[in-house]
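Here is a quick briefing to read with the model open beside you.

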Amino acid sequence: FNGMAARLQLTEEQRRDLMADITHELRTPLTVIQGNLEGILDGVYSPDEAHLKSILEETQVLSRLVDDLRTLALAESGALQLKKEPTDLEELIGETVSAFRTQADAAGVKLDIQAEPGQPLLNLDPERIRQVLSNLIANALRYTPRDGSIHLGHHLATADGGKYAEVTVEDSGVG
């Protein structure tokens with residue numbers, strides 16, 4: 001009984017920590033949006049392209065966070081459906097990195113890919129892999145200082161008699 005009570009307490013603490021993390025992640029873009037809109041309404045900022053673009057970017061961050069929460073809820077309930085298809089992992093990683101290239105350039109961060117050429121197509125869910133990579137790259141960009149670097153790599157590996165793809169994301173940020 002004591003073991004069960006301890007596990008329940010740990011689960012409750014983890015739930016509270018998760019809720020605190022979610023609240024923090026949602027509050028940040030909301031604060032930026034609210035501050036910009038209040039500044040525009042008060043006449044402190046003009047409703048120019050730069051301010052409107054900032055607001056749009058933060059709404060896109062919020063949208064991704066909400067999508068991530070939905071995916072997490074589906075995964076936890078066992079209802080997340082993977083749509084596997086033959087996929088060129090190198091191409092998928094390249095497309096995902098390209099989506100962050102402008103942001104990396106603006107932040108003064110080098111973003112590159114190191115891959116073994118000639119890898120076979122892999123049976124995977126490209127949207128889920130893209131989502132994971134996007135989250136990792138966005139996090140790396142957030143914590144990598146100017147003149148830092150983010151390296152993505154992938155190769156085929158063998159373990160326990162089977163083959164698998166290993167994807168790495170390394171950055172020169174703190175932690």
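**Helices 3 and 4**

The axes of helix 3 and helix 4 cross at roughly 35 degrees and come within 10 Å of each other. Keep in mind that this is a predicted model. The crossing of helix 3 past helix 4 is right-handed.

**Who touches whom between helix 3 and helix 4**

- On the helix 3 side, the contact uses L89, L92, I93, E95, T96, V97, F100, Q103 and A104.
- Facing them from helix 4 are P126, I129, R130, L133, S134, I137, A138 and L141.
- Sorted by class, the contact of helix 3 with helix 4 comes to 12 nonpolar, three polar and two charged residues.

- T96 sits in helix 3, and at 3% relative accessibility it counts as buried, because the cut-off for buried is under 20%.
- Setting aside neighbours within four places in sequence, T96 is in contact with R130, L133, S134 and I137.
- From E91 to I129 you go 38 residues along the sequence, and the C-alpha to C-alpha distance is 12 Å.

- Three strands make an open sheet in the order 2-4-5, and the pairing is mixed.
- Strand 2 (110–115) and strand 5 (162–171) are the edge strands; each has a single partner strand, so one side of each has no neighbour in the sheet.
- On average, and with direction ignored, neighbouring strands of this sheet are turned by 15 degrees against each other.
- As background, strands of a sheet pair through backbone hydrogen bonds, in either a parallel or an antiparallel way.

**How the strands pair up**

- Strand 2 and strand 4 (residues 149–159) run parallel, with six bridges between them.
- To find that pairing on screen, look at L111, whose bridge partner in strand 4 is I150.
- Another spot to check is A115, which has H154 as its bridge partner in strand 4.
- Strand 4 and strand 5 run antiparallel, joined by 10 bridges.
- H154 has a partner on that side as well: in strand 5, its bridge partner is V167.
- Put together, H154 is bridged to A115 and to V167.

**Helices packed on the sheet**

**Helices 1 and 2**

- The axes of helix 1 (residues 2–41) and helix 2 (residues 49–77) come within 9 Å and cross at roughly 155 degrees.
- That angle makes helix 1 roughly antiparallel to helix 2, because anything over 145 degrees counts that way.
- Helix 1 passes helix 2 in a left-handed crossing.
- Helix 1 brings I22, E25, L26, P29, L30, V32, I33, N36, L37 and I40 to the contact.
- Helix 2 answers with H51, L52, S54, I55, E58, T59, V61, L62, L65 and L69.
- By class, the residues of the contact of helix 1 with helix 2 split into 14 nonpolar, four polar and two charged.

**Two aspartates with positive phi**

- D147 is not a glycine, yet it has a positive phi of about 70 degrees.
- You'll find D147 in the loop between helix 4 and strand 4, where it is exposed, with a relative accessible area of 71%.
- D160 also has a positive phi, of about 50 degrees, although it is not a glycine.
- D160 lies in the loop between strand 4 and strand 5, and the hairpin of these strands has two residues between them.
- Buried or exposed for D160? At 86% relative accessibility, D160 counts as exposed.

Key: Residues numbered from 1 in each chain as written. Predicted model: local features only at pLDDT ≥ 70, side-chain atom pairs only at ≥ 80, totals over all residues. Heavy atoms only, no water. Pairing = 2+ DSSP bridges. Helix = DSSP H or I, 4+ residues; strand = E, 2+ residues; numbered from the N terminus. Axes fitted to C-alpha atoms, helices over the stretch in contact; angles between N-to-C directions. Left-handed = near helix turned anticlockwise from the far one by under 90°. Contact = heavy atoms within 4.5 Å. Nonpolar A, V, L, I, M, F, W, Y, C, P; charged D, E, K, R; others polar. Parallel < 35°, antiparallel > 145°, perpendicular 65-115°, else oblique. Buried < 20%, exposed > 50% of the residue type's maximum accessible area, 1.4 Å probe, protein only.
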